[in-house]
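Here's a quick tour of how the parts of this protein sit against one another. Have a look at the structure first, then read on.

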Amino acid sequence: MTLTLEHARKLDTWDPLANMRDKFALNTGEIYLDGNSLGAMPKAAVKRAAEVVENEWGKSLIQSWNKHQWFSLPQRIGDKIASLIGAGQGEVVCTDATGINLYKAVACGLKLNPSRKVVLLEGSNFPTNNYIVQGLVKQLGDDYEVRFAEDHEFDDNIDESVAVVCLTQVHYKSGRKLDMDAITRHAQSKGCIVIWDLCHSAGALPVNLNQANADLAVGCTYKYLNGGPGSPAFIFMAKRHHNKVEQPLSGWWGHQAPFDFKRDYQAGQGINQLLTGTQGILSLAVAEVGVDLMCQVDMQQLRAKSQKLTQLFIDLVEQECAGYGFSLVSPRDPELRGSQVAFAHEHGYPIVQALIAAGVVGDFRAPDILRFGFAPLYNSYEDVWHAVQRFKDIMQSQRWQQPEFNQRHAVT
Ligand SMILES: *Cc1c(COP(=O)(O)O)cnc(C)c1O
């Protein structure tokens, strides 16, 4: 069956999430397929940002910590995120960067498993995860070790020597989705602590950390949760581990009584202990707008739409751009991928630049990956159709060969 524009439009007519698109600021004529890197701006973020700056900061100043509940924002937003990732109330805080939270999480995982010294990571993961754990292991000393494995090697490498298994559920480049339940079960049967990175899962698909019996998790809010550039990340710790272990970045916000200003650190109760210091309140307040929007959505409907968007994109690229040398890197089975599609092409970089110039915003990941994120809240099936038409036009006309598309920028 040949796929048509009419088919895409019909899918939009039936889309139960279609009304969410209007809640986002999108540039007319532009098709934004990079929500897996920086989510689009919820229109309500403008008003919220103005209110926090003009009223809360501008007028109430220091009183806002109490009056506008600034102090409890990490917990309040954390509880909302918890409802999106299958965590309980009081198991998540929204704070710091993903990398910082990963440092805390892995340090806690090692403390929970003190007789073992190995942290298992996926070598091809987003590099900051590897860098952060390498840094931690260096701090801890020579008997600690990072072990790298790729996904077909996990079974062989997850054994009784491993203290912590730390994996990203959806791969940042390929979009491949791991089986969280099965891997957690297997690793825990070998006595490992299991930490999940949800950077490409939170707001992209239903996640159920407690069903999987995950020990800890981290993730960011600026991708599918549409929290804004550099918005604070989150960290989850299962209740069964609360008050049993202390994270190493023991700042005053994690103290049992921050405003007693005692000389010595005493870890706070429950999830509060995962906090470190004064939070970026402007950023947190705006992140809450994106999280609130996601909380209105049925995650099963979101997943169904995400799978249909990515499938339509793959099918259309293969129908319209056949013979131009693209190979699908993402899993073909929609159950096995997240909400993004990656194709490999030797001229990936200039092709992505030409696409951006044509109003189709995806991104390039070295060495040869063209990456397209699909955000079910604001991408439509018709977007997918037009994106692939522009893609075809660039390949047919060979416009990607123009010199301006072949100059490398700092951020790809
Ligand atoms: C986006 C992403 C991060 C981001 O880390 P920051 O500390 O926010 O820079 C980390 N890990 C993975 C797997 C990601 O996809």
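This is a predicted model: local features need pLDDT of at least 70, side-chain atom pairs count only at pLDDT 80 or more; totals for chains, interfaces and linings use all residues.

Residues are numbered from 1 along each chain as its sequence is written, and side-chain values use heavy atoms, with hydrogens and water left out.

Domain 1 covers 5–41 + 298–406 and domain 2 covers 69–295, with bounds from an automatic or database domain assignment. Their C-alpha centres are 29 Å apart. Together they bury about 2,100 Å², 62% of it on carbon and sulfur atoms; buried area is the accessible area (1.4 Å probe) that two parts lose on being put together, summed over both. On the domain 1 side, L38, M299 and Q340 lose the most area to domain 2, together 23% of what that side buries.

## Helix 11 against helix 13

Helices are DSSP runs (H or I, at least four residues), numbered from the N terminus. The axes of helix 11 (residues 299–320) and helix 13 (residues 381–397) come within 9 Å and cross at roughly 25 degrees. Axes are lines fitted to C-alpha atoms over the stretch in contact, with angles from 0 to 180 degrees between N-to-C directions. Helix 11 and helix 13 are therefore roughly parallel (angles under 35 degrees).

Technical notes:
Helices (H or I, at least four residues) and strands (E, at least two) are DSSP runs, numbered from the N terminus. Angles under 35 degrees count as roughly parallel, over 145 as roughly antiparallel, 65 to 115 as roughly perpendicular and the rest as oblique.
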